[in-house]
Amino acid sequence: MTAAQPFSVRVREIVELAPSLKRFSFEPVHGGVFPTPPAGGHVLLTLRDGARVMKNAYSLVSPPSERARYDIIVRLVAQSRGGSSYLHRRVAPGDVLEMANPVSLFSLISTAKKHLLIGGGIGITPMLSFLPELKARGARFELHQLATLEEVPVFERLLAPYAAGEEIRVHGGGRAAFDLAGLLSRQPLGTHVYVCGPHSLMDAVASTAAALGWPKTKVHKESFGGDVTGLPFRAVLRKSGIEVEVGESQSLLEAIEAAGVDAPCLCRGGACGQCATPLVEGEAEHRDDFLSAEEKAAGTLIMTCVSRARGPRIVIDL
Amino acid sequence: MTVQFKPAETFRDTFTYKKSPEDLLRFPFPFPEDSYMYSVNIEPHVRGGPTAAFQAQFDVDEHYIAECKERARVLAEDPKRCQVLPHMLTAEWDSLEMIMENLAADYPEHFTLSKDGDAWTWVNRPLGIQQSFIFGKAETLPCGPFEYITRQAQGDFTLQDQREDNLFVDGGMVTTQADWSLEFDIGMSFQEWHGPVPLAHEKGVFDRALKYLLRLQYGQPVRRLNWTMTVNPRLDTSPENYPVWGPDKASVTPENVAEKVHLRVELQTLYRLPRSNAILFGIRCYLTSVADIAKVPKWRRRLHRVLRDLHPDIATYKGIPRYQQMVVDYLAPLDDGSATSPGIAPDIEKIEA
């Protein structure tokens, strides 16, 4: 299935939360209300900087009961590919942007006895979407947010509305001081853990949980915004009969779209599997979370949204 | 044109259910071609389609009031036809919101939903209901939110929870079913509840369908049509009541076959729900007698060809071998052998008197 038709949104408000963090509020251009935002859902923004078109996914941080506006929080990344930099530097209140219907690939498990949320840095955003929903359900949960020392107060402010009487902690002492194994080992049976943040954090949670005997089905990772940049390469699109140059700050999917080819995609973060494309020639540098280790080793599929060529040229069946 | 409800018609005992000519033409005829085999025949559920049954998200037709009354009767006799497991409460509210908002948007003359924060008021004019309640507070409704809203909708509904890369049927309102039991199936996984279907497992239909549904996206509902046949216009053909309706099969004769035997179509819709990430599955049942089908030239030709050539395993699974040949024999002289257009549209504007 393909993404729904995009709609127009107007920037209603921009709030600077920290030097590199801004919250953007959007409202529907044509009045009315947005669809109920899914818990843990994200939206895709299409950003047009001259001839360059960027599509970036951002978690919705507004609660399901709020439909007059959609909020996202964007981190200005030093090595930005352009999307977050464009939002931070070029977008102003009143501007109109293109947004796709919210999508949810990171969801709360209804049968969980307890929900353990772990956020790293900007990985707080899906947790901010979960919190009002967990509160509404009266569910048992615990949240740990990892932050740099300077940003501890910022995250504490963001979490404050949900903090009363809850186990919510912001850790500013770095990963080494965060006792992940202790945290996971003291959870009651039936707990599900949800983690969003840098790949190193998500991998640490997954491997620590596995080592402690947690079932795989109780560990949930949100992955997007991972690094998709790398050496430039050429991709031959066999069915379309064209070749595209993939620049170093551009994903394969973006290069395909820039060439006017309508490629399948959904999450744009290597999670959903929608963009899996047969790899006919060349080797892939897999960066997705969808293909299994065996599938990656087989080298017959590539996820165009995050993965790249290992070498100067690949041929894909698109 | 405003629909004329027929509140007194019945779906049991006296069987006074009848279709008006307009209602016949809006029937979602299930065969897009002259033969039938299982496939993953899923398409986006967008408003508009080959017949008027596809114009709304949740279709309301002239049988609305009578069907809601029949549902209330079945529930009074057997309350277990509506069950929801406790972890599905969020999905119940999601469903209530989804159905109320769509009914109010598609049928403003019949339904109104007004909101002041979490304080909602629902008006259902055909059923004479006005209800104020607090969204999220189940104690402010006369029954659970899922039961409350599905008592006011045509067709069955189930709730599928998504976990462990599978779907589990963890709730439902099932009173108009084609011989399956919620009481038996509740809690089952996708493969378990489809276990009895012949041929389709071998074709990999269910593996592909499950993969597709696990990725079903919010705001992009999908639909498919399914079908079987039922003797008499009986909505409640449940395993629980088999002694009541099973013997009907023996009552079909060459003389009464056209009036007795009904093509039973399910317009199945699937919605991803926002808060719970569950899937709301609508199974809307439409009954049309063979005599009514015969009034539409394309449909009678095609039904004849489909039933004549149907795979015997499918016929057995659908429970129709006992009278299948009688239907074929009735339709054969009405099939002039000419070609039929692709798709399910009736290809006529009016039913000739």
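## Where the chains touch

Two residues are taken to be in contact if their C-beta atoms, placed from the backbone, lie within 7 Å. In this predicted model, the contact draws 21 residues from chain A and 17 residues from chain B. On the side of chain A that touches chain B, the elements giving two or more residues are β7 (103–104) and α2 (124–137) of chain A, and the largest share, 3 residues, comes from α2(A).

Strand β13 (residues 233–237) of chain A runs parallel to β19(A) and is joined to it by 4 bridges, and here A:Val236 stands opposite A:Val315. Strand β15 (residues 276–281) of chain A runs antiparallel to β19(A), with 2 bridges between them, and A:Ile316 in β19(A) is the bridge partner of A:Leu279.

## Positive phi angles in chain B

Most residues other than glycine have a negative phi. B:Phe15, although not a glycine, has a positive phi of about 45°, and this residue is found in the segment before α1 (21–25) of chain B. B:Phe15 counts as partly exposed because it has 14 C-beta neighbours inside 10 Å.

B:Asp179 is likewise not a glycine and has a positive phi of about 60°; B:Asp179 lies in the loop between β7 (166–173) and α5 (182–185) of chain B. With 17 other C-beta atoms within 10 Å, B:Asp179 is partly exposed.

How values were computed: Residues numbered from 1 in each chain as written. Chains lettered and ligands numbered in written order. Predicted model: local features only at pLDDT ≥ 70, side-chain atom pairs only at ≥ 80, totals over all residues. Pairing = 2+ DSSP bridges. Buried ≥ 20, exposed ≤ 12 C-beta atoms within 10 Å, placed from the backbone.
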